[in-house]
Amino acid sequence: MSLYRKYRPLLFADIAGQEHIKQTLQRAIVRNELVHAYLFSGPRAVGKTTTARILTRAVNCAARASDQSEPCNRCDACMAILENRALDVIEIDAASHTGVDNVRDTIIAAARVGRAGLAKKVFIIDEVHMLSTSAFNALLKILEEPPAQVLFILATTELHKVPATIASRCQRFDFKRIAPDVMRARLKRLIGLEKKNVTDDVVDTIVRLSDGCLRDAESLLGQVLVLGDKKIDRDAACVILPIGNLAAVKDLIAALLAVDGASALRIINDCIERDCDLSVFTADTLEYFRTLLLIQSGTPELVGMSESELRERTGQAARITSERLLAIIGHFSVAQRDVRYFSIPQLPIEVAIVKSCLYTDAHQ
Ligand SMILES: [Zn+2]
């Protein structure tokens with residue numbers, strides 16, 4: 001079983017990130033202030049459907065005390081929902097059911113029929129933006145006059161394609177990409193649960209490659225964990241992941257900050273000898289400079305890293321002017337674009353290094 005399914009959160013508390021959404025929903029559950037329709041929007045695989053399913057169980061759980069918001073996941077109602085055999089919970093993938101007939105047959109007809117044992121009938125409509133115009137109109141009618149004890153949870157990755165008439169009938173929650181530090185903590189927890197040993201630089205690489213998408217991160221981690229019970233370091237993981245070399249990136253940054261072009265050029269060429277993936281290396285370098293830029297701009301909270309790391313980078317950010325930092329980011333952006341197309345792949349990076357050291361702060 002994939003890690004994503006094996007460790008799918010069963011409680012609000014287990015959902016990675018999305019703090020304000022969890023808090024708002026849990027408060028509404030305890031106060032009995034849930035509305036009849038929710039619209040969850042945001043990038044793919046950041047917890048929308050997972051949250052919808054936990055909410056579905058929480059409102060139907062027979063064992064939940066009135067001052068609690070988490071489902072028990074053990075009572076008959078919770079078990080029936082977890083095992084996908086609850087007739088009152090209807091999950092629809094709108095991408096494959098776009099037509100008005102489907103909305104009439106599966107949603108409207110079912111919403112009007114009484115419940116089959118659960119406290120609330122719940123419709124989870126995934127990728128709701130895929131519905132046809134007539135299907136949306138049919139859905140709108142039922143959202144305007146919802147039958148009692150029916151809960152609609154609509155989810156979409158493309159909010160702008162959901163008609164305003166539909167969106168305005170729902171309470172909206174915007175799910176965010178998972179922040180790097182939250183993702184890192186989640187991956188480390190899974191590694192612990194699986195009793196495996198993975199080095200931090202491999203975890204960091206997965207965090208960066210997955211770009212805030214939890215399912216991608218857990219899928220990559222799953223592939224890496226298959227490598228075995230021994231310590232999985234970057235040498236072992238390179239068969240799965242395009243591995244950069246964070247230690248070398250740090251050396252490069254230090255050389256560039258010191259306007260030491262010769263050392264920087266040596267670092268790049270050492271990397272080539274060690275079969276480092278140069279496009280990953282350039283991306284890591286840019287990501288690093290981005291953190292310095294964010295720190296300089298007074299938004300260190302956007303960086304998402306450990307305190308000691310943040311302290312180190314704050315020191316580095318103080319040693320470079322904004323003008324030079326922006327120039328270096330410009331040079332390395334060009335290198336990142338070119339690195340795949342050049343017959344000598346390190347050449348665009350070498351050009352970026354030379355340009356970055358050509359005009360030091362004294363000349364600007
Ligand atoms: Zn329960």
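Lys-196 forms a salt bridge with Asp-229, and the closest N and O atoms sit 3.1 Å apart. The term salt bridge here means a side-chain nitrogen of Lys or Arg within 4 Å of a carboxyl oxygen of Asp or Glu. Lys-196 lies in the loop between α8 and α9 and Asp-229 in the loop between α10 and α11 (234–237), so this pair ties together parts that are 33 residues apart in sequence. Lys-196 is partly exposed, because its relative accessible area is 22%, while Asp-229 counts as exposed at 64%. For those words, buried means under 20% relative accessible area, exposed means over 50%, and partly exposed is in between (1.4 Å probe, protein chains only).

A quick word on the background. This is a predicted model, in which local features need pLDDT of at least 70, side-chain atom pairs count only at pLDDT 80 or more, and totals for chains, interfaces and linings use all residues. Residues are numbered from 1 along each chain as its sequence is written, and side-chain values use heavy atoms, with hydrogens and water left out.

**More salt bridges**

By the same rule, the count comes to 19 salt bridges. Here are three of them:

| Pair | Closest N to O distance |
|---|---|
| Lys-196 and Asp-229 | 3.1 Å |
| Arg-184 and Asp-204 | 2.7 Å |

Take Arg-184 and Asp-204, whose closest N and O atoms are 2.7 Å apart. Arg-184 belongs to helix α8 (residues 180–193) and Asp-204 to helix α9 (residues 200–210), so the bridge joins parts 20 residues apart in sequence. Asp-204 is partly exposed, at 24% relative accessibility.

Is Glu-218 buried or exposed? Glu-218 is buried, at 1% relative accessibility, and Arg-186 also counts as buried, at 7%.

**The whole chain**

Stepping back, the protein chain has 17 helices and 5 strands. Both are DSSP runs numbered from the N terminus: helices are H or I with at least four residues, and strands are E with at least two. The C-alpha atoms fill a box of roughly 75 × 45 × 40 Å along the principal axes. The chain is divided into domain 1 (3–174), domain 2 (180–237) and domain 3 (246–363), with bounds that come from an automatic or database domain assignment. The C-alpha centres of domain 1 and domain 3 lie 45 Å apart.

Of the 364 residues, 48% are buried. The chain exposes about 17800 Å², and carbon and sulfur atoms supply 51% of that; areas come from the Shrake-Rupley method with a 1.4 Å probe, and for residues only the protein chains shown count as cover. Contact means heavy atoms within 4.5 Å. Among the chain's contacts with a separation of 6 or more, residues 24 or more positions apart account for 74%.

Ser-41 is found in strand β1 (residues 37–41) and counts as buried, at 4% relative accessibility. Leaving out residues up to four places away in sequence, Ser-41 touches Lys-48, Thr-156, Leu-159, Phe-173, Asp-174 and Phe-175.

Lys-48 is also one of the buried residues of α3. Helix α3 (residues 48–60) is mostly covered, with 12 of its 13 residues buried. From its first C-alpha to its last, α3 reaches 19 Å, close to the 18 Å expected at 1.5 Å a residue; the expected span is 1.5 Å times one less than the number of residues.

The buried residues of α17 include Pro-348, Ile-349 and Cys-357. What covers the buried part of α17 includes α12 (246–257), α13 (261–273), α14 (278–296) and α16.

On the surface, Tyr-341, Phe-342, Ile-344, Leu-347 and Val-351 form a nonpolar patch with about 480 Å² of accessible area together. Patches are made of residues with over 30% relative accessible area and no salt bridge: like charges are joined within 9 Å, nonpolar side chains (Val, Leu, Ile, Met, Phe, Trp, Tyr) within 5 Å. Tyr-341 sits in the loop between α16 (322–338) and α17 (347–358) and counts as exposed, at 65% relative accessibility.

Most residues other than glycine have a negative phi. Gln-18 has a positive phi of about 55° although it is not a glycine, and Gln-18 is buried at 7% relative accessibility. Lys-195, in the loop between α8 and α9, has a positive phi near 55° and is exposed, with a relative accessible area of 70%.
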